[in-house]
Amino acid sequence: MSETVANNGHKKLQEVQMVGIVKRFPGVLANDHVDFDVHAGEIHALLGENGAGKSTLMRQLYGLYRPDEGKILINGQERLFYSPEDAIEAGIGMIHQHFMLVPSLTVTENVALGLKSTRLFALDLDKVERRIVDLSEQYGLKIDPKAYIWQLAVGEQQRVEIVKALYRGADLLILDEPTAVLTPQEVEDLFKTLHQMAQVGHTLIFISHKLYEVLSISSRITVLRDGRVVGSRPTEGATRASLAQMMVGRPIIQQYDRPAVVAGEMCLDIQDIYTKSDRGGDALKGVSLSVHAGEILGLAGVSGNGQRELAECLGGLRPVRQGKVILNGKDVTRASPRERIAAGQSYIPEERMREGAIKEFSVADNFVLEDHGKSPYARGIFLNLNAIRSQARSVIDAYNVKTPSLDTPLKNLSGGNIQKLILARELSRHPKVLVASQPTRGVDIGATEYIHLRLLEQRQTGTATLLISEDLDEIRALSDRIAVIYEGKIMGIVYNSETTLEQLGLMMAGVTEK
Amino acid sequence: MSDLFTLSVLMGIIVSGIRLATPYLFAAIGETFAQTSGVLNLGVEGIMLMGAFSGFYIASTTGSLWLGLLTAAVVGILMGLLMALVSVTLQAEQGISGIGLSLFGLGLSSLLFEKTIVSVVAISGFQPIRIPILGNIPYIGDALFDHSILVYAAFLLVPLSIYVLNHTPIGLKIRAVGQNPQAADSLGISVAKIRYLTVSFGGMMAGIAGASLSLALIDLFQENMTNGMGYIAVALVYFGGWNPLGVLGGSLLFSFVNAFQLWLQVKGVQIPSNIALMMPYVLTIVALAFAANRARQPTALDKPFERGES
Ligand SMILES: Nc1ncnc2c1ncn2[C@@H]1O[C@H](COP(=O)(O)OP(=O)(O)O)[C@@H](O)[C@H]1O
Ligand SMILES: [Mg+2]
């Protein structure tokens, strides 16, 4: 099959080998003698926890970083890439975790960016546009070449990224966690496109830390852990359990025990609230939710549909324009964060480095950030340092926070440990209501599992939990009921045990039920 | 007061308004390129002074205005490269390094002036050229088509820069580098190269802007003769919303108010001269506060770029 896309003159890319790749960052060995290879027509999954070194490895293949040791062979020949330009020239394209698009430019301009024009001085955007239309038809990638990037939904932006790479004649496409921002249906569409591309001889590297995705899309899997290759095997015959074991280094819990709890009285009652977004316009347009004692209510939705604003409203960090919030029978619509804590609410913010903690402060200081004015942490106007230290020590032990000492600045802890510390602080208050916003984002599987178990334990003791998460797996693993938010409105509330992934996916895409 | 606004008075204000816009246009259009690529160069003032001095010195010693202009352009490029080295390669705080460059230009041009020319002498600068046919149209000919070559060049720079920024591959790269340098980098565009290019082009334009004062508008060099014009040029870029057409509007507005103010003083209208002098500047600040067209504001303005976790 002659490939029409290979238009930049390189020989078709048949095989890539990365041999003994070592990459160091200050204080981190990101890749430790990694061997990796892919062949044309293959969908090769690169699986590993956050921080395992997946992106770093691929950034070297794409010419963004230079390996400290090791070599890269393209079609059996050693190549040195000094910049992405060299990689693109060799037929490699990369779709980054954070999209590399210029919002103020159109789709066509973004595709044309950095390419030679066929005209002497002027851009040849009309020609570029025609080829974009051709490519998008050929691969079933629906995009409007005239639209500005800022007007596009995330799924569309991703398609632009794919077209951008194809336009440059990419035979090998690296996709860095491409599904993180998509609804289940969009994921399906993406997978269709990827299969189609593999069939016409493209090579695909699919980076992910989600097991079921890797199992459903790839033909081969390489697992990375702590910068090292743990193993590489055909997808056929691999199981969730075996992959999880390779990825984490120990077996993980496949399904949590969620013993039935009779939901008690209503603890958090959100009544038809509205709030403004940062860009003006309403981020929440009449959201009503109620959470009962002993219940976890999961709020699912694609990123950017009002979740962050809702969490901030509940934390007392963003004014509610209209509507009411009742906490344990008390109207807290305009209450400060401190008053909410006093009314029995704990809050785990999404931006833990910005809202939940102060990264220059020590572990112990962060522990009493909110309660420093209360006994036993304060004596008159003075802090009772001994009480703070002993309480912090015992909670840190109980929650398994790994820190060299109580005086270590928070910024030196890993994401998972910071999150465990915040959780420890918030839960040690035995809250009646817990609002948790993305509690495990960027946290490794081990710590995630631990946090999940703690949330379930709280549920057992009668806490009413609102779990706001963009990770549908997390929502499904923990929630009793699931509400779906779309463009600032609740699309529906369903019982976890009675719903399906399809139903949730449709609601997340804004499709209302008949 | 009845003779305040006769036709000839109005003509006078228009002609000098157009002339006075010249240095602002050169400097602000050059700065537009630098800022669009993400570099805020506050050193324009210093570069203008050095351009004004070096152009004047070479022109008066060699007798060639063109050689003087060329020198000013080269000095501007060199100072632009210095700014780029400090802010792009060494990633220093752009605002601070720009102010440093301005003070450097002020000090060095004053020092060199004292060591070489010493006293204020005038030369015969670029003379007005009346454009055939157009120049003969009554009133309009005098107002628009009887200026020196540098005035024409400054105004021609506007459509030219619109074309380059919006319709050429290099313009697209410049905009991309100022809006999302990571994206440009990931497509093999060298962010540093583009920024060096725009900042040294901006430097060249600032150098020429300075020379337009000492070789065409005032025809002499004095210590600190720009008197804040470089900073106004930087403000005009914001005022114009990073769009050369807006910069043109801002420059004209500013220079017309300035021309009007000068004329008021000449006329001896009873307002304190300090207040009159302040008028254009007050106007700029007020206009800046209201002209909040931030649509084209480069998101990466004033931010050094380093490849890494984005
Ligand atoms: N530019 C960088 N500077 C310093 N450390 C980095 C940089 N990029 C990645 N790292 C570190 O290298 C390790 C691997 O990161 P990364 O490749 O992003 O992992 P993954 O993509 O598997 O989540 C992490 O510990 C990360 O903190
Ligand atoms: Mg990554």
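I began at Phe221(B), which is buried at 1% relative accessibility (buried is under 20% relative accessible area, exposed over 50%, partly exposed in between, with a 1.4 Å probe and protein chains only). The model is predicted, with pLDDT of at least 70 needed for local features and 80 or more for side-chain atom pairs, while totals for chains, interfaces and linings use all residues. Residues count from 1 along each chain as its sequence is written, chains are lettered from A and ligands numbered from 1 in the order written, and side-chain values use heavy atoms without hydrogens or water.

**Aromatic pairs.** I searched the whole structure and got 12 aromatic pairs over all chains. Rings of Phe, Tyr and Trp (its six-membered ring) pair if their centres lie within 6.5 Å; planes under 30 degrees apart are stacked, over 60 edge-to-face, the rest tilted. I looked up Phe113(B) with Phe221(B): the pair is tilted, 5.4 Å centre to centre, with 55 degrees between the planes. Phe113(B) sits in helix α4 (94–116) of chain B and Phe221(B) in the loop between α9 (191–217) and α10 (229–239), so the pair ties together parts 108 residues apart in sequence. Helices (H or I, at least four residues) and strands (E, at least two) are DSSP runs, numbered from the N terminus. Phe113(B) is buried too, at 5% relative accessibility. I then followed the ring pairs: they link Phe53(B), Tyr57(B), Phe113(B) and Phe221(B) into a cluster.

**Charges over rings.** The criterion is NZ of Lys or CZ of Arg within 6 Å of the ring centre and within 35 degrees of the ring normal. I noted Arg131(A) over the face of Tyr167(A), 5.1 Å from the ring centre. I also noted Lys420(A), whose charged end lies over the ring of Tyr450(A), 5.5 Å from its centre.

**Magnesium.** I checked ligand 2, a magnesium ion, and found Ser55(A) (OG) and Gln97(A) (OE1) coordinating it at 2.1 to 2.7 Å. Ser55(A) belongs to helix α1 (54–61) and Gln97(A) to the loop between β6 (92–95) and α3 (107–112) of chain A, so the pair joins parts 42 residues apart in sequence. Donors are N, O and S atoms within 2.8 Å of the metal (3.2 Å for Na, K and Ca); water is not among the atoms, so sites may look incomplete. Ser55(A) is buried at 18% relative accessibility. Gln97(A) is partly exposed, at 36%.

**Cysteines.** Cys267(A) is buried at 3% relative accessibility. Cys313(A) is buried at 0%.
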